[in-house]
Amino acid sequence: MNKQLQLIGEEYQTEQEEQVEVILNTKGRKERTKNPPVDKLQPLAWLIKDDFDLSAMGKVYGLKLPLAWIDLIKSLSSVDSTPPIVGLNIALRGCAPDIIYIFPNSFCWEEEKRPTYWLVVHDNSNIIDLNFFWDVIREWLVANYSNDRELIRNILAKMEPARAELSWELINLKAAPFSIIKPVLPELIVRWLTRKGFQFQLSDSEGRSYSFPMVVSASASSEDAYLVTWPPCDYSSDSNKTLWKYSYYLRFWVTPPHGKTPALLLFQPGIKRYITRPMVKWDNQDNKPLPSAKSQILLPSKEDATVYAAVEELGWVKPDKHPSQPREITLINFKLSRNNTAVSWKARIDTILSRIAPHLDIPQTMQFLNNPKDFAPQYLLSYNTKLGKHRVGAGVEAADRFELFDRLSKELPLEIASSPQIYKIDFGNKNSLPHRKARKSTRKSEPLNLSTSCPKIIYRIAICSNDSIDTFTNVLLNFLTSKDIGGTVQPEDGQSDTWRFMNRQGEVYLLKIEKNPFPAEWCEPLDLKGSYSNSAKSAATQNRARLIERCLAKQSSSGNEQLGVLIELPDYRNFEKNRRSKDPKTGIRWGYALGGWVSQFITPDQTEYVNPEEFIPSDPTNNKQVKIYEFKKSQLKSQIDSYKGRCQNAIMDLLRQLDFPLGLPFHREIPSTSLPALIDIISIRVLRVNARNKSEKKAVIPILIKIPAANSSSQMLVCLPSEHGPVWMSYRESLLAMAQFEQKFAFEYDSERIMNFVSVAFKDLVLNHPTLLLLDEQNLRKDLSKILNTPQSAYSKDINNFWHQNLIFSNKHSYLLRVAKLRYSWDNIVPHVCPTAIFNRYSGIYQNSDFNSGFFSIGRDPQTAKSATNARQRDRISKSSWNQTALEITWLSLQAEDQSEEWTLIIHNLRRCSPFIDDDIVTLLPQPLHAAQQILAYIPRLTISEEEEDDFIDEEIVSDEPEFIQLSLF
């Protein structure tokens, strides 16, 4: 579990352990060999030289939007829930693949927000004819507003005079602003590579190479560009030879300059998977579209499905294209929209193309969905995890990523060079950190002065389970008395369900465990009264919450009890849609929280345990039988340990919500460093919950979360807004407050109010110790972009930067602040990284100060993501690959005596050494940011909308495993 009590040197020696691998020696016997540690990594990025003229890869032209068209287009109504601007953009991209980007905010009247160009194109197709461009706009109007001919005539008549303003302008890429370079460069890269005949190439473990031709896949709206292998690959994994189609892809995008790091070209390889099985279910034995048959559409309701159409650029709509012009294949993104029982091509692109390119044969939606494989490879239905299971795994291995990066580096122009490698900082070597200064504190850590520090406090835990109550109880008590926790548990005299717990700090608390104290019907599926609408689900959820709240209010409880419940509940996400709609989890959590209880859920144990007794050797001298028997015993132990591990994870998460005083600090003094013994850790977080449908409300609320230095009991404080200003409370109290979100936080927080709250909270904040402030850029850049600016000098210790001048948040002790900005590759603003030679496990802190002003924190792969050293995707096509997430830590403010790598070590440890998270898990965000994000589960966002149609369509889809591994508990 937790290794906080081990010396930091031992921890880093563990991180640098060499991976043991079994090989065959010359005599054919198995031996164990060790791979060297990974001491350098390659960021999957390229630097672009300042003097490089991008037009060497191709010229681009821009088209400005006539101002007279802005109000005309915006005045139109939505069609099939598609806004007019979105629909027009879809029509243009579908009819003209040579458009490489359409700028957002082009229809904005505010001049400072409106981009210079509406759209840009490349010159490979001799530029789009503006008469054809006008034809597309006219046919889009006719296809989408055919029921109002007068409207179409009026709009076209008012747009006609401004046609004279349309003209293509050659863009000087050498002098163009970054806002143009960012979307244009990736598109130029992919077209440069296709003209050079670049192919996607992978190797297997035996050195065999596999090459696949690539085509451009037109991006729907984002600022990245894709190359996709086409035609798609086939994979068969079963006896009936079912073919699973997929393509490899290369994705390119550009990140802006950051500190001393210039703009970077980033890339990521991966796999696009396609659906070939029927997505329509008919009510007959043969599953055929008979005249009177009723159908079920297996696409998710009210969501768009992507269809890739393989077309020839320009020749797509102009079959008489001159033979001398190149006929490059492009994959265009079409969208299928499902609304209740109907499915249509988004923006009615099929109708538009039937008029401007009648030679094309766009399939009818139901015809296509009834058997998508009949239309492959020209039309490919993109797979997502809501469309059932797919036998091909997601992602490619680290060795594949580096091989592709190396090949791309040789194909790109010389002015686009590989980024420098980053190197591991060896904290295990006492001489590896320069200018170490011994700095010891004589002050001792003290328990946090909360209500939970009183010996009279009772932690009351209810366990609701059918078969596993004793297992949960034993796991909880064993956890508290484990070597890592170091506590003692003694039965309380005269009380069979109460124990006296003493942590390693000598603090004593009472622990009361109750078995199934609540009615079982609280966990029954919701009663939707025969309807499956979101309104019905919202009403049933609120009714369940009110029922639980009323019943809990009648029960007696003392003011010194901290209440938590562990509930065994099926994971309804694995059920078909109708049953998923009856998921009571939200109502249960909400009701318990209104009654003063925090809650944690765990799925029941449904493992089919092996029985080793069935494999007892009939002949004890038969080595094969003996080995099978030993293997089955080992398998049974592994199954039991796996379930106990799940139980322990659930219990730890419940204890976190209870602010249970384990007696372990989040941060502990690190020997042989200049770091102070006591450090306060603070994070700012804006909690955002989006409304997923009309029955839910959007919620936005800013918080501060703090791990106090004077606290050795694993407890946290949270600052919430109130009518009287910022209010600090325990972590448990903040969860219960969120359950009353609508009553306590009914007002909406915009950027100004968020900034005001944080400013006041910091002004009143008492700083007694050196304080580490953690800022998650992805979370804060929308509302608090001002505080994220990297110092212009790029030096965090510069006395002239805003933090040192106390110009960000006013506080009389601001000199105690150390401020770190966090960015991660998962957010596509930091490059992914991979080893360069031996592709075994790697973790630690990496840096190249000549390339980057920040540090890269790399966590260990979770157990579920482990694969063999030097694994290759071609050897394990059916397995998903793990993409390691890099956390970049950039220092905005440090004091003159600080060593930046030592303070970085604190943040790295906060990702992997939480008292409430299993030691094998490394969280994306460090504590307390990770704990702040978990508060979201307690925010109810339900409201009842009476005007909503019932949806009786049963999709009968079981969600597949997620594309990435999520380190959060159910």
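This is a predicted model: local features need pLDDT of at least 70, side-chain atom pairs count only at pLDDT 80 or more; totals for chains, interfaces and linings use all residues.
Local features require pLDDT of at least 70 and side-chain atom pairs pLDDT 80 or more, whereas totals for chains, interfaces and linings use all residues. Residues are numbered from 1 along each chain as its sequence is written, and side-chain values use heavy atoms, with hydrogens and water left out.

The secondary structure comprises 20 helices and 38 strands, taken as DSSP runs numbered from the N terminus (helices: H or I, at least four residues; strands: E, at least two). Of the 970 residues, 55% are buried, where buried denotes under 20% relative accessible area (1.4 Å probe, protein chains only).

The structure contains 30 aromatic pairs. Rings of Phe, Tyr and Trp (its six-membered ring) pair if their centres lie within 6.5 Å; planes under 30 degrees apart count as stacked, over 60 as edge-to-face and the rest as tilted. Tyr459 and Phe660 form an edge-to-face pair, because their ring centres are 4.8 Å apart and their planes stand at 65 degrees. Tyr459 belongs to strand 23 (residues 458–464) and Phe660 to the loop between helix 14 (623–657) and strand 29 (680–689), so the pair ties together parts 201 residues apart in sequence. Both Tyr459 and Phe660 are buried. Phe518 and Trp522, with centres 5.3 Å apart and planes at 15 degrees, are therefore stacked; Phe518 and Trp522 are likewise buried. A cluster linked by ring pairs consists of Trp69, Phe107, Trp118, Phe133 and Trp134.

Terms used: Buried means under 20% relative accessible area, exposed over 50%, partly exposed in between (1.4 Å probe, protein chains only).
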